Protein chains: 2
Amino acid sequence: MKIYNALTRQKEDFVPLHEGKVNMYVCGITAYAPPHLGHLRTYVAFDIIKEYFQNFKGYDVFYVRNITDVGSVVGDTDNGDDKVELRAMEEHLHPLELVDRIIKSMWDSLDAMRCARPNISPRATGHILDIIEAVQNMIERGYAYEVDGDVYCDVTKVKNYGILSGNTLEHLSAGARLDIDDKKHSPFDFVVWKKAKPNSVLKWNSPWGVGYPGWHIECSVMSTKYLGKTFDIHGGGRDLRFPHHENEIAQNYALYGQDPVKFWMHTGMLNASDGTKMSKSKGNFITASDAISQYGAVPLRWFYANGHYGSNMNISSEAIESTTAGLKKIQNFFYSLNTNVGDNYNKALSDILTTLCHRFEDEMDDDFNTPNAITSIYEFIKQANQIIPTHCYNIDNINEIYGYFCKINSVFKCFDFLEVKDINDDKSGKIEMIEQLMHERNIYRQQKDYKNADKIKAKIIDMGAEVIDNKDGTSTFRLK
Amino acid sequence: MKIYNALTRQKEDFVPLHEGKVNMYVCGITAYAPPHLGHLRTYVAFDIIKEYFQNFKGYDVFYVRNITDVGSVVGDTDNGDDKVELRAMEEHLHPLELVDRIIKSMWDSLDAMRCARPNISPRATGHILDIIEAVQNMIERGYAYEVDGDVYCDVTKVKNYGILSGNTLEHLSAGARLDIDDKKHSPFDFVVWKKAKPNSVLKWNSPWGVGYPGWHIECSVMSTKYLGKTFDIHGGGRDLRFPHHENEIAQNYALYGQDPVKFWMHTGMLNASDGTKMSKSKGNFITASDAISQYGAVPLRWFYANGHYGSNMNISSEAIESTTAGLKKIQNFFYSLNTNVGDNYNKALSDILTTLCHRFEDEMDDDFNTPNAITSIYEFIKQANQIIPTHCYNIDNINEIYGYFCKINSVFKCFDFLEVKDINDDKSGKIEMIEQLMHERNIYRQQKDYKNADKIKAKIIDMGAEVIDNKDGTSTFRLK
């Protein structure tokens, strides 16, 4: 399989560093504000990638996504206020109280979006000692220097600075419009340890006085702590490429003489429907939890899956409605499958299914091309409808289709209609299950237990059938 | 109000250290196994306490409950394996992977039990630097010594050792049956920093080599970090009184020359129905999530509320059924209130309500006597039924009762039946709301939208009414 490597700017064969394993790190949220639609997009994309590695390619994936609970500053400058501290002060909270609330809100949204939890979600404040040791190491190795309680990484010592983003020191100097900062040797040096302001709460003793870590060093320390000095994939939103990821590489060179990452992967940006970046000031910004309430988690997840992870996407109600219609199409096809036990197994149908299975995997193997992979599903449905326009399928054909949809769903997690039944344990298809439920409902009705009867009716309706109560007291159902 | 102080072994007037504020710390779980019924009991008890302080007494409560993710060792000896490390090894997980899973399971259970999240839930691994500094302080002040990478608290230096538990050094010596540990000056000294075993994962550099913190020091550091050197309440299960809480006091004397805690509060133990302690080996042990599935979160919470927090409780299906019947009684009373707008306001009823409001608060003010406080609710219902056997209440009387139940429910959080309606916005009582729903349902029925009609029916049933569809197509309802 091939993955686009942001470092080399080309698709490369994916060969894991350790056979059968994929170690990946994705930059997580800064815990000062609830996640927004852009975060969801990035984490759904990497969830799909992780599940594909695991369920289709059989890799054992170890996934680390950090939580920045200190060190990310307003404006991403070296002199701004810590975002967590500032917001907490505004809301009259202890900074870690705000952090706990934001972490809860993050899990609520990401769990709703069906993103599997990473193996470890380390917090920066849980790694202060490791960070201090790393900073000390950088100083000892000549890559960092202290000035008045701040410690800066000396980018002029990092030979390949700019390797990821193209922002070499030459390029940076040419386009520079920098605030003068007398403390820094070079204007492009960046902070790895910051002297605390007198009133700040998030601060620790260090060899350079009371301070707190820089944002970039946190990720260098946490990624290598849990994944080793070399690992397979480092991901994040494209806006993190510079300076965050560039500076991570610089730090890793300073610490270990190498960039630990084989593949740098970036998700595209999520824009409003008119193509402009969403932002709070523009009023077109929406939090994850609001978006989930408004659109539903599954339509949103499916919408994201319909774009390539690396492309920018424009989001709007219309765009989500449009992709949701596609999802409905797959659901309707599945519900239309009427078992016809007597019929023979259709070999031609099975062959089409196999072909399209392969096509799905080929598309996913090509840098996780989810939109093309989804197109292959529609293509299968189209051809299946041509072969069997009556929708009367042999049970073995149905089982094959069910298995195919289940496998795809282990990646997309949007095909709730599959939960109708475990077709493998029920040789007669969905209808037998509905018949069983109808029977149970009739018993409740006879016992005048209408509460339970209604519960079962709702279940049958959810399975895509209509319940018809006849005047003579009998009941029947009809698949919609 | 009075609270039983485990330190002085008597009820004492509660006077907060800072006017209008209650700062409390409760020992949280060790994140190596999912919480069990005993944890739920303790955290529900402190949730009730916290809500009572806040909603009845008007205090601004700041509640910290830690998560022990390193340092708690098997058998609570000074030489056992770290519980998290050991369990993670058994389950082939990174220790912090296990910790993340357990923390998720803890929140799932405690959120289900309607326990408000503490303001901060600090993790031991997030405070290693603070702990190392505290250990160093203890050594400098002559209360701790290092031997071969371990650091021990010298209990002989702590003048009041045994003050909480009665386990003074004299008493301990008299009953001693100790393993000989050549490293310790006194056999009762306990570890505050432990040398790491060669294969351990959770370890940090320290002035005494690579190691990890002792369990007890974590709580001394985290409680004082977030609540200050003196705070109002320190709670936990009674089994933590010795050695954990006794050692916390010793450490705090060593560090600050004082026990920071005004009130030490302990919850009683939760036993199986035969009075024996629940334990995994006895097979009468049940995890929180299993218990919640089995009994339901609300019946479980109400069961806990029916015991005094400090008493031991025996749990069984029968005991939970019995307390749930009491809850149903309150629900039935509430549902029985039929508005009679024409009737006059009943002053006698109002007086009884006021009396019982006061009694409720008096009972709660007496060391949070929840069982007696609950009895006062039943007493009110009994007297109300005597005064108005027809259950036809004036709307203003109903509003008063509704307000009283809502206030109580801000502590117990078990009266789901109150969610039926906001009586304050609906002057004609519950019935008007049901009538409105019946009307909406009929419109859906006329439109043959049975799905939505059934949803509304379920809602009406949940409100305690029975829906009767007459043969002529009309529908009526009857309050149960």
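Visitor: Which residues have the most contacts inside the largest nonpolar core?

Guide: This is a predicted model, in which local features need pLDDT of at least 70 and side-chain atom pairs count only at pLDDT 80 or more, while totals for chains, interfaces and linings use all residues. Residues are numbered from 1 along each chain as its sequence is written, and chains are lettered from A and ligands numbered from 1 in the order in which they are written. A nonpolar core is a set of buried Ala, Val, Leu, Ile, Met, Phe, Trp, Tyr and Cys residues joined through C-beta atoms within 7 Å, where buried means that 20 or more other C-beta atoms lie within 10 Å of a residue's own, exposed that 12 or fewer do, and partly exposed anything in between, with C-beta atoms placed from the backbone. The largest such core has 233 residues, and those with the most contacts inside it are V135(A) and V135(B).

Visitor: Which residues does V135(B) touch, not counting those up to four places away in sequence?

Guide: Two residues are in contact if their C-beta atoms, placed from the backbone, lie within 7 Å. With residues up to four places away in sequence left out, the partners of V135(B) are A144(B), V151(B), V192(B), W193(B) and I217(B).

Visitor: What do the buried residues of α2(A) pack against?

Guide: Helices (H or I, at least four residues) and strands (E, at least two) are DSSP runs, numbered from the N terminus. In helix α2 of chain A, residues 83–90, the buried residues are K83(A), V84(A), E85(A), R87(A) and A88(A). Just after this helix, H92(A) takes a positive phi of about 55°. The buried residues of α2(A) pack against α3 (95–112) of chain A.

Visitor: Is H92(B) buried or exposed?

Guide: H92(B) sits in the loop between α2 (83–90) and α3 (95–112) of chain B, and its phi is near 55°, a positive value in a residue other than glycine. Most residues other than glycine have a negative phi. Because 8 other C-beta atoms lie within 10 Å, H92(B) is classed as exposed.

Visitor: Where is P243(A) found?

Guide: The peptide bond from F242(A) to P243(A) is cis, with omega near 5°, whereas most peptide bonds are trans. In chain B the bond from F242(B) to P243(B) is also cis, with omega near 0°. As for its place in chain A, P243(A) belongs to residues 241–256, helix α7.

Visitor: Which element gives the largest share of the side of chain B that touches chain A?

Guide: Here 23 residues of chain B are in contact with 23 residues of chain A. On the side of chain B, the elements that give two or more residues are α3, α4 (128–140) and α15 (450–462). The largest share, 5 residues, comes from α15(B).
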